[in-house]
Amino acid sequence: MRMSRVKGVGSSKLASQKRADTAQKKPQLEEYISNRDYTGAIALMEFQRASNPDEEAEILPWLGYAAFHLGDYRKAVDAYQAWEATGQAPVEVHLYIACCLFYLQSFPEAMEAAKRGPATGLQNRIMFHIAHRTNDEKNLMVYHQKLNDTKEDQ
């Protein structure tokens, strides 16, 4: 009989240790992103977004990133536009939106979004690809001339 009490105490210690281990092993966004588990990352961020609305400005860029890499471009556009609406997004957010719209084949909207972004190599590449897809030979040559001999432009 005494042995069962000891066993009972030991099992409660084991249970509390398992709870402590589980609490320490909460999923982290960085783990999901580094493992390229974008579905898990989106699930975690949507939960965090619903439970912590004050942290939305920190969650939205990563939500857009994960959705883009998962191929859910509509969700990425929505996340980036919500991020822009917070007023805390950098000006490059327009280029991220343009990339998503390009993959959604919304070329006029993608061009407008890209024009609102900063004049960088990314903007030039987006405009180049839009001109190519829309058979705009004049702009295709303009943006082709602006390409550099960099890895990104190759």
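The model is predicted, and local features need pLDDT of at least 70, side-chain atom pairs count only at pLDDT 80 or more, while totals for chains, interfaces and linings use all residues. Residues are numbered from 1 along each chain as its sequence is written, and side-chain values use heavy atoms, with hydrogens and water left out.

## Two helix pairs

Two packed helices are described by the angle between their axes and the distance between the axes. Helices here are DSSP runs (H or I, at least four residues) numbered from the N terminus, and their axes are lines fitted to C-alpha atoms over the stretch in contact, with angles that run from 0 to 180 degrees between N-to-C directions.

| Helix pair | Angle | Axis distance |
|---|---|---|
| H4 (residues 56–70) and H5 (residues 73–85) | about 160° | 8 Å |
| H6 (residues 93–103) and H7 (residues 107–116) | about 165° | 7 Å |

Helix H4 packs against helix H5 at an angle of about 160°, which makes H4 roughly antiparallel to H5, a term for angles over 145 degrees. The crossing of H4 and H5 is left-handed, meaning that the near helix is turned anticlockwise from the far one by less than a right angle. In this contact (heavy atoms within 4.5 Å), H4 contributes Ala57, Leu60, Pro61, Leu63, Gly64, Tyr65, Ala67 and Phe68, and H5 contributes Tyr73, Lys75, Ala76, Ala79, Tyr80, Ala82 and Trp83. Sorted by class, the contact of H4 with H5 has 13 nonpolar, 1 polar and 1 charged residues, where Ala, Val, Leu, Ile, Met, Phe, Trp, Tyr, Cys and Pro count as nonpolar, Asp, Glu, Lys and Arg as charged, and the others, Gly among them, as polar.

Helices H6 and H7 are likewise roughly antiparallel to each other, and the crossing of H6 and H7 is left-handed. Their contact is made by His94, Leu95, Ile97, Ala98, Leu101 and Phe102 of H6 together with Phe107, Glu109, Ala110, Ala113, Ala114 and Arg116 of H7. By class, the contact of H6 with H7 has 9 nonpolar, 1 polar and 2 charged residues.

## Residues of helix H4

Pro61, which lies in helix H4, is buried with a relative accessible area of 18%, since buried means under 20% relative accessible area, exposed over 50% and partly exposed in between (1.4 Å probe, protein chains only). Not counting residues up to four places away in sequence, Pro61 touches Tyr80 and Trp83. The C-alpha atoms of Pro61 and Ala76 are separated by 8.8 Å, although the two residues are 15 residues apart along the chain.

Glu58 is also found in helix H4, but at 49% relative accessibility Glu58 counts as partly exposed. Glu58 and Gln88 are 30 residues apart in sequence and, from C-alpha to C-alpha, 9.1 Å apart in space.

## Cysteines and Gln123

A search of the whole structure finds 0 disulfides, a disulfide being a pair of cysteine sulfur atoms within 2.5 Å. Cys99 is in no disulfide, and the nearest cysteine sulfur, that of Cys100, is 6.7 Å away. Cys99 counts as buried at 17% relative accessibility, and Cys100 is buried with a relative accessible area of 0%.

Gln123 is found in helix H8 (residues 121–133) and, at 14% relative accessibility, counts as buried. Leaving out residues up to four places away in sequence, Gln123 touches Leu95, Ala114, Lys115, Gly117 and Pro118.

Key: Helices (H or I, at least four residues) and strands (E, at least two) are DSSP runs, numbered from the N terminus. Angles under 35 degrees count as roughly parallel, over 145 as roughly antiparallel, 65 to 115 as roughly perpendicular and the rest as oblique.
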